[in-house]
Amino acid sequence: MRIAEVAVPVPLAKSFHYSVPEGMRLEAGARVRVSFGPRRQVGVVMRVFDGEPERPLKPLEAALDAGPALTSEMIDCARFMARRFGAPIGECVKAMVPTALKSLEEPAAFAPVPQKPASAAFELTPGQAGAVSRLTSLLDARAAATVLLFGVPASGKTEVYLRLIRRAIAEGGQALFLLPEISLTRPFFDEFAASLGVPVCLWHSLQTPREKRLAWLGVRRGEVKVVVGARSACLLPFKDLRLVVLDEEQDESFKQDGQSPCYHARDVALERARALGALAVLAVVVVARLRAW
C-alpha cells in the first residue's frame, strides 16, 4: 500500500498517515485535502512510502497540486522548526504557504523598477572595503558561511549590503534582506529597487493576500531576485538563494511569539542558508556610549 505522511495545520506535534488511492499521482511537498475528524483540512505531504499499516487508514480525498508546492529543503526546514522550537509540524508547514494560493501555475510576472540616475560613486572607508572584500570572497565560494557585521548608525552598512546583493544576483541568484520592523521595509525596498534594476518584492504581514500570493509565486519561480521583508520572509520558497542579510540582528522583533508557530527568524534563516549553501550576514548596530569621568 502507498502511504502518505501528511502535516495537517492543527496544534499537535505529529503528522498523520493516509492511504494514497490507486492512480493518484503524488509527490512530497504537494498539498492535499484530507478528512480530519469531523472536518476537512488542507495538508502538505511530507513523504510518500510503501508499507502495511497496523490499522485501516483514511484515504486522501484529493491532490490539490500537480507538483510539489514545497521543496524537500522547505520540508526539512519545517521539521527543523518543529524540533528547534517545539512547534506543531502542521503549523510550521502552513506558515510556508500563503492561504490565498490556488494554483502553482498562476501568472505572477514581476518587472524591475527603473534604475535611478547614477550618482557619484560611494567611496568606501578602509574598514568597509575590507568587509566587502572578505564577504565577497565568501559569497563567491558558494558554500554556507555565517559572518557578523557590525557598525555604528550611519556607518555605510547599506552600501555594503548593496554591493553584496549585486554580487549575489549577478549570475541569477537571489538575496533575502530581513528587517526587524515592518515600518523599515519600505525605505529599503525603494532604495534597493531603484538601485539594483532587478525585480524586488516586499514581504510582511500587512500585505494583502493577493500581494503575498504573487510575491510567493515570483520568489518560487526565480522571477523575484531580491526580497525585502520582515521575519516571515525567511519562510519563502527561494529557487536559488545565495545571500541572507539580517539587519539589526540583535532586535527582539525577529522572534515570533504569541502566534503559532513560534520561531526566531535568525535561526530559521541560518538553517536555510546552511541547507542552500548561502552566505548569511548578521548585521549588528553598535551604539557608542559616553562614559562619565
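1. Basis. The model is predicted, with local features requiring pLDDT of at least 70 and side-chain atom pairs pLDDT 80 or more, whereas totals for chains, interfaces and linings use all residues. Residues are numbered from 1 along each chain as its sequence is written, and side-chain values use heavy atoms, without hydrogens and water.

2. Helix α1. Helices are DSSP runs of H or I with at least four residues, and strands are runs of E with at least two. After α1 comes G86, with a positive phi near 65°.

3. Packing of α1. Its buried residues (under 20% relative accessible area, 1.4 Å probe, protein chains only) are E73, M74, I75, C77, A78, F80 and M81. They pack against β4 (39–50), α2 (89–94), β12 (263–264) and α7 (265–276), contact being heavy atoms within 4.5 Å.

4. Cores. A nonpolar core joins buried Ala, Val, Leu, Ile, Met, Phe, Trp, Tyr and Cys residues through side-chain atoms within 4.5 Å. The largest has 48 residues, of which L70, M81, W216 and V227 touch the most other members. The greatest contribution to this core comes from α1, with 6 residues. Another core, of 33 residues, lies apart from it and includes A131, L279, V281 and A283.

5. R242. This residue of strand β10 (241–246) counts as buried because its relative accessibility is 12%. Among the residues that R242 touches, leaving aside those up to four places away in sequence, are E171 and L279.

Definitions and conventions:
Buried < 20%, exposed > 50% of the residue type's maximum accessible area, 1.4 Å probe, protein only.
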